[in-house]
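Open your viewer and get ready to click around. We'll take this one stop at a time, from the whole view down to single residues.

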Amino acid sequence: MSTRFELLGTDGQARIGRVSTAHGVFSTPAFMPVGTAATVKAMTPDALKSTGAEIVLSNTYHLMLRPTAERIARFGGLHRFMGWEGPILTDSGGFQVMSLAGLRKISERGVVFKSHLDGSMHELSPERSIEIQHLLDTDITMCFDECTPFPASFETAKTSMELSMRWALRSREAFKPRDGYGLFGIVQGSIYPELRQESANALTKIGFEGYAVGGLAVGEGQETMFATLETTIPYLPKDRPRYLMGVGKPADIVGAVMRGIDMFDCVIPTRSGRTAQAFTRFGQVNMRNARHADDPRPLDEACQCPACRQFSRGYLHHLIKSEEILGLMLLTWHNLNYYQDLMKGLRGAISEGRLSQFVMDFHAGQATGDIGVTSA
Ligand SMILES: [Zn+2]
């Protein structure tokens, strides 16, 4: 049997569930930290696990160029290569090659592109993308698709979506079914409800182990993103996980969970950690700000991560100002911990039927803002 999804409960449109894969089980709603180059930057696998992360995402495009999928396969697959024993999802490389403007050529067959590393020529097609993800031994493989640029006219979005649907069928045919491994389809169609529905129906007809909503978080804004989810999700099967790709900020995740999304990935917590931005119950905090210099309090008193349990804001600020590696590590750790705590909170609220209260408290906290030096 492929990957398996169990729907354990609902609260409104929100769902709590469990996905079983060849490398273990993860609970949904789930947040997947991004490990682009076979590492979640600045985190060891044990540290990552301690945040509550159960599944990580890695990138086909980057790994096919360096160190190559064939080399990773010789090491026994991506899990062994990067020392992560849990489930792994890989994207198809589609998103990255599409963003190589001027360096790629799209045809019915696939995409020919120039490596950003050394200028060498490569090809990605549905068949090659699926083959690479097989070599990586990824638990959840994503279909190769064209990420429609934003904004796009109805005609452009339609042509692009239809190409992605033909590629989805070729991806399905190329995928070798194995116990505990699954293939997810990706709904496209930009912000046009009619195209989203057509895409969802086309994918459901082919049949996938999960369904992703792609082509969002590309500049359309939160309101349009939520509206697109509302017109897409009713057309997706209830008994399969739903994944919103590349999202997002905490408020985006909360809103998407309320609308029935089960899985997320985003570079925001890790990237922000490396630019001294911390996420807390009381909004975003810039640890570079001089107001933290004499503050003996932890970043967030309720957080159990090492940055908050062992160190003061003053020390974290000092590390950032001194450009010490530990500063970036600790803020990355904290942000990932915050995201996993948020997912745990959402799962608990859904299972106990108190999601609307949880969401109200979440927004109230975010609106409060960081309090600064008061209790020093
Ligand atoms: Zn923390």
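## The whole protein

Colour the charged side chains to begin: there are 39 positive and 40 negative ones, and the centres of the two sets sit 3 Å apart. Lys and Arg count as positive and Asp and Glu as negative, with His and the chain ends left out; each charge is placed at NZ of Lys, CZ of Arg, CG of Asp or CD of Glu.

A quick word on what you're seeing: this is a predicted model, where local features need pLDDT of at least 70 and side-chain atom pairs pLDDT 80 or more, while totals for chains, interfaces and linings use all residues. Residues are numbered from 1 along each chain as its sequence is written, and side-chain values use heavy atoms, without hydrogens or water.

Now switch to cartoon view. You'll find 15 helices and 16 strands, which are DSSP runs numbered from the N terminus (helices: H or I, at least four residues; strands: E, at least two). Of the 376 residues, 54% are buried, meaning under 20% relative accessible area; exposed is over 50%, and partly exposed is in between (1.4 Å probe, protein chains only).

## Stop one: strand β6

Select residues 88-91, which form strand β6. Which residues point one way, and which the other? I88 and T90 share one direction, L89 and D91 take the other, and all are buried. In a regular strand, side chains alternate between the two faces of the sheet.

Look for T90 opposite T141.

## Stop two: helix α10

Jump to residues 250-258. Seven of the nine residues in helix α10 are buried, so the rest of the structure largely encloses it. Among them are P250, I253 and V257. Just past the helix, G260 has a positive phi of about 105°.

Most residues other than glycine have a negative phi, and most peptide bonds are trans. Zoom in on the loop between α2 (60-65) and α3 (69-74), where P67 sits. A cis peptide bond joins R66 and P67, with omega about 10°. T68 is in that loop too, with a positive phi near 90°.

Finish with F150 and P151, joined by a cis peptide bond with omega about -5°. P151 lies in the loop between β10 and α7 (154-174).

Conventions:
Pairing = 2+ DSSP bridges.
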